[in-house]
Amino acid sequence: MLNQYYQELEQDPFDGEEFVERLAWRVNASKSPPGNTDAAFDPDLLHQAFTQAIKDLQILDERTAKKCERVEAAVKEEETRYWHNIAQLLDNNREAFQSFQELDSHINSVATKVVHLGDQLESVNTPRSRAVEAQRLMNHFREFLLPGPLVSEVFTDKAKIYEAADVIQKLHLIAQELPSGKFEGAKQKIAEKYDEIERSLIMEFVKAHRAGDKDRMKEIAGTLSHFKGYSQCVDAFIEEAQIGALRSRDLYGEVVPLCTRSQELITQVFTNPDQVMGKFVLNIFQGQLQEYIQVKLDNKSIPELYLKNLHELYCQTVKLCSDLQRFNLGNDSQFLSKLTKSIFQRHLRSYISVETRYLKEKFNVILSRYYDSKGHQKKNIQSGGINDFRRNIQDVIGTKANINIAPAAENYGGETFLSEEVAISLLQETKQAFKRCQMLSTQSDVHNNAVHIFDLLTKALLVEHVDYAIELGLLVIPGGEVRSPPEINFFEVIHQSSSMVNLLDKLFSDTLVPLVISTPKHGDCLQKKKQLGASLEQKLDNGLDRTLSAIVSYIRHLLSTEQKRTDFRPENEDTLIYNVTSACQKVVRYVTQVSERVRDSLDGHNLESVLLELGLRLHRTILDHLMKFEYSATGAMAVICDVNEYRKCVAGFKNPQVNSLFDTLHTLCKLLQVSPENLKMVCSGDQLSGLDRTVLANFIQLRSDYKIAKLGNQLK
């Protein structure tokens with residue numbers, strides 16, 4: 001039983017309540033037959049089982065306590081042995097440290113004596129070595145003094161080229177200090193041998209390079225570093241490294257991998273890798289890269305292609321310089337930018353003149369192509385002056401005198417001569433020009449160049465295209481008395497002009513402003529754009545006013561020619577009114593067509609403003625027209641029907657002010673119909689109470705029974 005208790009108590013985690021439950025369950029299960037769940041509960045048996053379990057657990061506890069005491073005693077004994085060993089190790093360490101200090105002092109003493117001995121040996125050996133070296137050089141120099149070829153093995157045996165290089169380099173230095181005269185022949189022979197050995201070393205260096213012998217290359221480069229022709233060795237290396245390279249169409253893509261491969265070899269071979277790497281890059285820029293660029297930019301006969309190539313090549317070169325920054329090319333941080341400027345200097349100096357010339361030609365081509373496609377020959381339009389004066393005179397006296405002294409209006413078949421495609425083409429060309437300007441202009445010139453480009457755009461887009469179309473639109477609008485439906489394409493001119501100005505504003509803020517934001521040119525550009533916009537807006541307002549005047553003039557013509565006095569005072573008063581008058585039908589039909597054209601052409605605030613102005617002018621025209629007639633009872637019904645039709649027509653304008661005016665006019669017309677005794681009540685109604693009494697009196701005077709019924713007394 002104790003073993004079972006061991007197993008249960010060692011469970012992790014241990015649950016005391018679960019342990020008691022299992023114990024109670026085992027007691028009950030042992031007294032019940034299998035399958036019988038209704039056996040009576042026996043508390044005595046359970047008590048005995050619990051008592052026995054407590055005794056067993058006490059025995060188990062005592063055994064465990066004794067076992068713990070034995071383990072603790074063993075641990076204490078082991079700890080004692082451990083500390084004893086630690087103490088012995090500390091003693092041994094102190095002894096070893098003391099021995100090390102003694103040994104170190106002995107080594108220092110011996111080293112001091114060795115250094116002293118070495119200094120004494122060097123003081124004796126150095127003069128001796130110098131004397132030996134001097135004697136060796138004197139022997140070789142004596143050979144150069146003798147006539148005939150050199151016979152020394154040092155200069156004749158190619159295997160001893162390094163020794164020969166060392167000797168000739170020193171003799172060359174000595175020869176430079178010797179006076180001319182008797183040593184002239186020797187100096188010449190030394191110089192010739194010096195050049196010969198130098199050339200031989202460079203040839204050996206090239207052979208080693210081709211063979212991939214880095215150690216030999218390093219040895220030769222080290223020897224040549226004392227020669228005046230060391231730069232030729234570097235040049236030979238650069239030439240060999242670039243053989244077969246930089247020949248593909250993607251020349252820029254080859255440069256960085258070539259430099260990466262070469263840098264590794266340069267670092268292993270040369271003692272001054274930074275200068276060699278700088279010269280390597282310099283050779284690439286001033287060699288094949290410059291040649292490649294000049295070939296691409298040599299032909300300026302096609303400015304578009306030239307500017308495109310210049311921009312692309314300059315961008316690629318700048319990116320290449322950025323990629324080459326990771327290589328150590330010397331101490332000059334501006335080395336790569338100076339190389340770039342030296343290559344593109346001639347092209348950058350003349351860039352803006354080529355750019356402006358190209359844009360002028362391109363803009364002219366775009367505009368000319370458009371007008372040619374429309375079969376239109378551009379005219380020289382003189383705005384203002386005598387033409388405007390004559391038009392204003394015509395607007396004042398045309399209706400009465402019927403004299404046309406304004407410029408003859410020419411109809412272009414509804415063409416506005418405005419093209420969003422033309423505007424987008426001009427803006428796209430300008431956007432590309434701004435990109436080139438930002439990249440190719442110096443920091444001091446970029447804002448001036450950007451302003452030049454913007455001036456060309458505003459001239460082409462706003463002056464030569466938009467302003468010209470507005471001027472043509474103004475010429476199309478008839479003045480004076482209009483007897484036929486006028487051309488109202490000017491609404492479309494307004495819409496297209498606004499769209500193009502919005503596109504220009506977006507280009508201005510997105511592209512031009514970042515280039516001039518911190519310079520005085522920013523304010524100048526804003527002012528110029530504002531002036532041009534104000535000039536266009538004034539002309540658009542003028543054209544809108546003329547268009548509305550022409551529309552109203554034609555409506556006035558319809559009313560004056562179609563409206564008959566018998567419409568409102570028929571000979572037979574028993575005639576029933578079934579429909580509106582013919583004049584009203586034609587006016588409503590025409591106004592509906594005009595409003596549809598306005599809605600198709602305009603939107604937003606422009607649409608609301610135009611419909612409001614059209615509604616106000618239409619109201620004034622109809623009111624003035626109605627004030628010319630005398631109305632019988634039957635005619636009053638006819639005019640009420642007409643005004644109600646007008647009211648339905650302008651309801652589509654969705655303007656409360658216009659609706660209110662026509663509602664009031666409709667109510668005024670009821671004054672022509674109501675019985676005399678009800679006039680005063682109608683005049684005091686909500687819609688008419690705010691009107692001037694004179695207006696009411698004038699309207700009532702239009703009644704045919706005004707004098708007979710003495711209606712004037714009704715308003716007193």
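Glu355 and Arg436 join their side chains in a salt bridge, with N and O 2.8 Å apart. The term salt bridge here stands for a side-chain nitrogen of Lys or Arg within 4 Å of a carboxyl oxygen of Asp or Glu. This pair links distant parts of the chain, since Glu355 lies in helix α13 (residues 351-373) and Arg436 in helix α15 (residues 420-440), 81 residues apart. Helices are DSSP runs (H or I, at least four residues), numbered from the N terminus.

Are these two partners buried or exposed? Glu355 is buried at 0% relative accessibility, and Arg436 is buried too, at 9%. Buried means under 20% relative accessible area, exposed over 50%, and partly exposed in between (1.4 Å probe, protein chains only).

## About the model

This is a predicted model, in which local features need pLDDT of at least 70 and side-chain atom pairs count only at pLDDT 80 or more, while totals for chains, interfaces and linings use all residues. Residues are numbered from 1 along each chain as its sequence is written, and side-chain values use heavy atoms, leaving out hydrogens and water.

The whole structure holds 23 salt bridges. One of them pairs Glu78 with Arg81, whose closest N and O atoms are 2.1 Å apart. Why do Glu78 and Arg81 sit about one helical turn apart? Because they are 3 residues apart in helix α3. Glu78 is partly exposed at 43% relative accessible area, as is Arg81 at 40%.

Another joins Glu204 and Arg216, with the closest N and O atoms 2.7 Å apart. Here, too, distant parts of the chain are linked: Glu204 belongs to helix α6 (residues 184-211) and Arg216 to helix α7 (residues 214-224), 12 residues apart. Both ends are partly exposed, Glu204 at 23% relative accessibility and Arg216 at 26%.

## A positive patch

On the surface, Arg63, Lys66, Lys67 and Arg70 gather in a patch of positive charge. Patch residues have over 30% relative accessible area and no salt bridge, with like charges joined within 9 Å. Arg70 is in helix α3 (residues 43-145) and counts as exposed, at 55% relative accessibility.

## Cysteines

How many disulfides does a search of the whole structure find? The count is 0, where a disulfide is a pair of cysteine sulfur atoms within 2.5 Å. Cys233 is buried, with a relative accessible area of 1%, and Cys259 is buried at 0%.

Key: Patches are made of residues with over 30% relative accessible area and no salt bridge: like charges are joined within 9 Å, nonpolar side chains (Val, Leu, Ile, Met, Phe, Trp, Tyr) within 5 Å. Accessible areas come from the Shrake-Rupley method with a 1.4 Å probe; for residues, only the protein chains shown count as cover. Lys and Arg count as positive and Asp and Glu as negative; His and the chain ends are not counted. The place of a charge is taken as NZ of Lys, CZ of Arg, CG of Asp or CD of Glu. Helices (H or I, at least four residues) and strands (E, at least two) are DSSP runs, numbered from the N terminus.
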